[in-house]
Amino acid sequence: MNHFQKIFNQTKPVIIAGPCSAETEKQVLEIAHQLKKHDNLIFRAGIWKPRTRPNSFEGIGLEGLEWLQKAKKET
């Protein structure tokens, strides 16, 4: 049994998918519901982003954690 099989208890690959940055609750929930129909998928969404230039989008922060928890509960 390889490392992957030990972690996920399966032989099929796991796909990690979701928006680069969670920007709105609606966006997070819509994507989570669309991805729900796929097997072997882990939903992810960035809520903090390193800044590439001053005054650029830094992510939604703590509010995004609530959205991710809601997406988990619904899906």
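Is Lys26 buried or exposed? At 57% relative accessibility, Lys26 counts as exposed, where exposed stands for over 50% relative accessible area, buried for under 20%, and partly exposed for values in between (1.4 Å probe, protein chains only). The model described here is a predicted one, in which local features need pLDDT of at least 70 and side-chain atom pairs count only at pLDDT 80 or more, while totals for chains, interfaces and linings use all residues. Residues are numbered from 1 along each chain as its sequence is written, and side-chain values use heavy atoms, with hydrogens and water left out.

Lys26 takes part in a salt bridge with Glu30, in which the closest N and O atoms are 3.8 Å apart; a salt bridge is defined as a side-chain nitrogen of Lys or Arg within 4 Å of a carboxyl oxygen of Asp or Glu. Because Glu30 and Lys26 are four residues apart in helix H2, they are separated by about one helical turn, and Glu30 counts as partly exposed at 46% relative accessibility. Helices (H or I, at least four residues) and strands (E, at least two) are DSSP runs, numbered from the N terminus. Two salt bridges are found in a search of the whole structure. In another pairing, the side chains of Lys70 and Glu25 meet in a salt bridge of 2.9 Å, N to O. This pair links distant parts of the chain, with Lys70 in helix H3 and Glu25 in helix H2, 45 residues apart. Lys70 is partly exposed, with a relative accessible area of 35%, and Glu25 also counts as partly exposed, at 29% relative accessibility.

Helix H2 has a buried side as well. Its buried residues are Val28, Leu29, Ala32 and Leu35. Seen down the axis of H2, these residues fall within an arc of 135 degrees, so they line one face of the helix, the arc being that of the directions from the helix axis to the C-beta atoms. The buried residues of H2 pack against E1, E2 and H3, contact meaning heavy atoms within 4.5 Å.

The largest nonpolar core consists of eight residues, namely Ala22, Val28, Leu29, Ala32, Ala45, Ile47, Trp67 and Ala71. Helix H2 (25-35) and H3 are the elements that give two or more residues to this core, and H2 gives the most, with three residues. Such a core is a set of buried Ala, Val, Leu, Ile, Met, Phe, Trp, Tyr and Cys residues joined through side-chain atoms within 4.5 Å. Ile47 touches Ala22, Glu58, Gly59, Ile60, Gly61, Gly64, Leu65 and Leu68, not counting residues up to four places away in sequence.

Several loop residues complete the description. Ser21, in the loop between strand E1 (15-17) and H2, counts as buried at 6% relative accessibility, and, with residues up to four places away in sequence not counted, Ser21 touches Gln27, Gly46, Lys49 and Phe57. Arg44 lies in the loop between E2 and H3 and counts as partly exposed at 33% relative accessibility. The C-alpha atoms of Arg44 and Cys20, 24 residues apart along the chain, are separated by 8.3 Å. Trp48, in the loop between strand E2 (41-43) and helix H3 (62-74), is exposed, with a relative accessible area of 54%.
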